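Thanks for coming. I will go through one protein chain with two ligands, and I will keep to what can be read from the model.

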Amino acid sequence: MENVFDYEDIQLVPAKAIVESRSECDTSVQFGGRSFKLPVVPANMQTIIDEKIAVYLAENDYFYILHRFKPEQRLDFVKDMQNRGLYASVSVGVKKEEYDFINLLAEEGLVPEYITIDVAHGHSDSVIKMIKHIKELLPASFLIAGNVGTPEAVRELENAGADATKVGIGPGKVCITKIKTGFGTGGWQLAALRLCSKAASKPIIADGGIRTHGDIAKSVRFGASMVMIGSLFAGHEESPGETVEKDGVLFKEYFGSASEFQKGEKKNVEGKRMYVEYRGALQDTLTEMQQDLQSSISYAGGDKLEAIRYVDYVIVKNSIFNGDKVY
Ligand SMILES: NC(=O)C1=CN([C@@H]2O[C@H](COP(=O)(O)OP(=O)(O)OC[C@H]3O[C@@H](n4cnc5c(N)ncnc54)[C@H](OP(=O)(O)O)[C@@H]3O)[C@@H](O)[C@H]2O)C=CC1
Ligand SMILES: Nc1nc2c(ncn2[C@@H]2O[C@H](COP(=O)(O)O)[C@@H](O)[C@H]2O)c(=O)[nH]1
């Protein structure tokens, strides 16, 4: 394995500006046949997204992926979104009942515009089988598969029929996979993204480990078409997590999809719960992300997102926990 690095180990090198104002810089991205305002998607987790946020994001030209933890509501969700003239984007797992869900969608003639296979270890025959099943029954859905952390996995899922792959095993803020199993891309997510994107022939979603808005630009530089973010989207007024007050300060919960809080039992736990300080309105964060990314594009010497892909970078230091505490 060649030298590796993570987000905080890298700085992008500025190039001469071609714009007079950052407002001239266009942060939009094409993904799965649609144009979105930002190359950013809130994580498909229960404390990050719900139906109401999904409607807001779709109505305002942002990408979203609904989580898969209220499986009985997904069919109506797809119908409801499409009846409103909005795109539908849902997640599935790989267990038997998930095949039933795909069959039901096909029987009812419902075709979600986006489907994401969301499991911890995406480089597996169970995911390849599900990719083939979805592509057979719902070929028009744009299919995202993950999560993976190696070029081999990206190629295998693409070859099976995935339209995009999601890269990131263990870099998440509420992830304890790296601690409990010793495996993953935690501590070298950005380098893993670089290796995966070199092997990819289709778009990649960088998933997990984003701690600052500058990390979005770094993800784009190292090959991401889209960046999935959990912790920075937690704690908003609209966020589904529980709100608590401590010493007059408001906090909201954010828990892992493989935590005991999600699973309701202590079995194969690979996620934890934390409380993040209340952040106000979701749109304010989206607006700030857009302004910061416009600034990144200007430093890249361009006026479109694409400019970031070609900038130089330097390695400034190395640290494995990306600023996170272990517990
Ligand atoms: N991105 C990341 O780093 C991680 C994300 N997660 C998130 O947690 C949620 C739950 O994930 P997951 O446990 O996969 O979902 P499920 O509990 O739905 O498991 C999916 C299937 O994969 C099997 N499975 C799970 N882990 C492995 C593994 N390491 N090797 C082989 N088979 C496995 C499960 O069987 P069995 O349970 O019997 O093993 C089950 O049959 C998802 O939302 C996922 O994205 C979880 C961990 C890491
Ligand atoms: N290992 C685990 N990873 C998890 C779990 N729940 C979600 N995730 C992953 O984290 C990202 C979000 O990362 P963040 O750094 O932006 O907060 C999410 O998209 C999943 O891929 C979990 O329980 N364990």
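**A hairpin turn, then the rest of the chain**

Asp 247 sits in the loop between strand E11, residues 243-246, and strand E12, residues 249-255. Before I go on, please keep in mind that this is a predicted model. E11 and E12 are antiparallel and pair through 4 bridges. One pair you can look up is Glu 245, whose bridge partner in E12 is Leu 250. The hairpin has 2 residues between its strands, and within this hairpin Asp 247 has a positive phi near 50°. Asp 247 is not a glycine. Most residues other than glycine have a negative phi, and that is the reason to point such a case out.

Is Asp 247 buried or exposed? Asp 247 has 4 C-beta neighbours inside 10 Å, so it is exposed.

There is a second case of this kind. Asn 268 also has a positive phi of about 50° and is not a glycine. Asn 268 belongs to the loop between helix H9, residues 260-263, and strand E13, residues 273-277. Its count is 10 C-beta neighbours inside 10 Å, and therefore Asn 268 is exposed.

Now the chain as a whole. The protein chain contains 10 helices and 14 strands. Along the principal axes, its C-alpha atoms fill a box of roughly 55 × 50 × 45 Å. For 327 residues, a compact globule would have a radius of gyration near 20 Å; the chain has 19 Å, so the two agree. Of those 327 residues, 48% are buried. If we take the contacts with a separation of 6 or more, 65% of them are between residues 24 or more positions apart.

The UniProt record, an unreviewed entry, lists residues 6-309 as "domain: IMP dehydrogenase/GMP reductase". In the model, the end C-alpha atoms of that span are 17 Å apart.

Next, strands E7 and E8. E7 covers residues 142-148, and it runs parallel to E8, with 4 bridges joining the two. Val 148 stands opposite Val 167 in E8. In a regular strand the side chains alternate between the two faces of the sheet. For E8, residues 164-167, we can go through the two sides in turn. Ala 164 and Lys 166 are on one side, Thr 165 and Val 167 are on the other, and all four are buried. Both faces of E8 are therefore covered, since a residue is buried if 20 or more other C-beta atoms lie within 10 Å of its own.

E7 has a point of its own. Asn 147 lies in this strand, and the peptide bond joining Gly 146 and Asn 147 is cis, with omega about 0°. Most peptide bonds are trans.

Why does Cys 175 count as buried? It has 26 C-beta neighbours inside 10 Å, so it counts as buried. Leaving out residues up to four places away in sequence, Cys 175 touches Gly 170, Gly 186, Gly 208, Gly 256, Glu 270 and Gly 271.

That leads to the ligands. Which residues come nearest to ligand 2? They are Gly 172, Cys 175, Gly 230, Gly 256 and Gly 271, out of 24 residues around this ligand. By class, the shell of ligand 2 has 8 nonpolar, 13 polar and 3 charged residues. Ligand 1 has 21 residues around it, and the closest are Val 119, Ala 120, His 121, Ser 257 and Ala 258. Its shell divides into 6 nonpolar, 12 polar and 3 charged residues.

Last item, helix H8, residues 214-221. This helix is mostly covered, with 7 of its 8 residues buried. The buried ones include charged residues: Asp 215, Lys 218 and Arg 221 are among them. Just after H8, Gly 223 has a positive phi of about 115°.

That is the end of my list.

Methods. Residues are numbered from 1 along each chain as its sequence is written. Chains are lettered from A and ligands numbered from 1 in the order in which they are written. This is a predicted model: local features need pLDDT of at least 70, side-chain atom pairs count only at pLDDT 80 or more; totals for chains, interfaces and linings use all residues. The radius of gyration is taken over C-alpha atoms; the globule rule is 2.2 Å times the number of residues to the power 0.38. A residue is buried if 20 or more other C-beta atoms lie within 10 Å of its own, exposed if 12 or fewer, and partly exposed in between; C-beta atoms are placed from the backbone. Two residues are in contact if their C-beta atoms, placed from the backbone, lie within 7 Å. UniProt positions are given in the numbering used here, feature names are shortened, and annotations may be inferred rather than shown by experiment. A residue is near a molecule or strand if its C-beta atom, placed from the backbone, lies within 6 Å of it. Two strands pair if DSSP finds at least two bridges between them.
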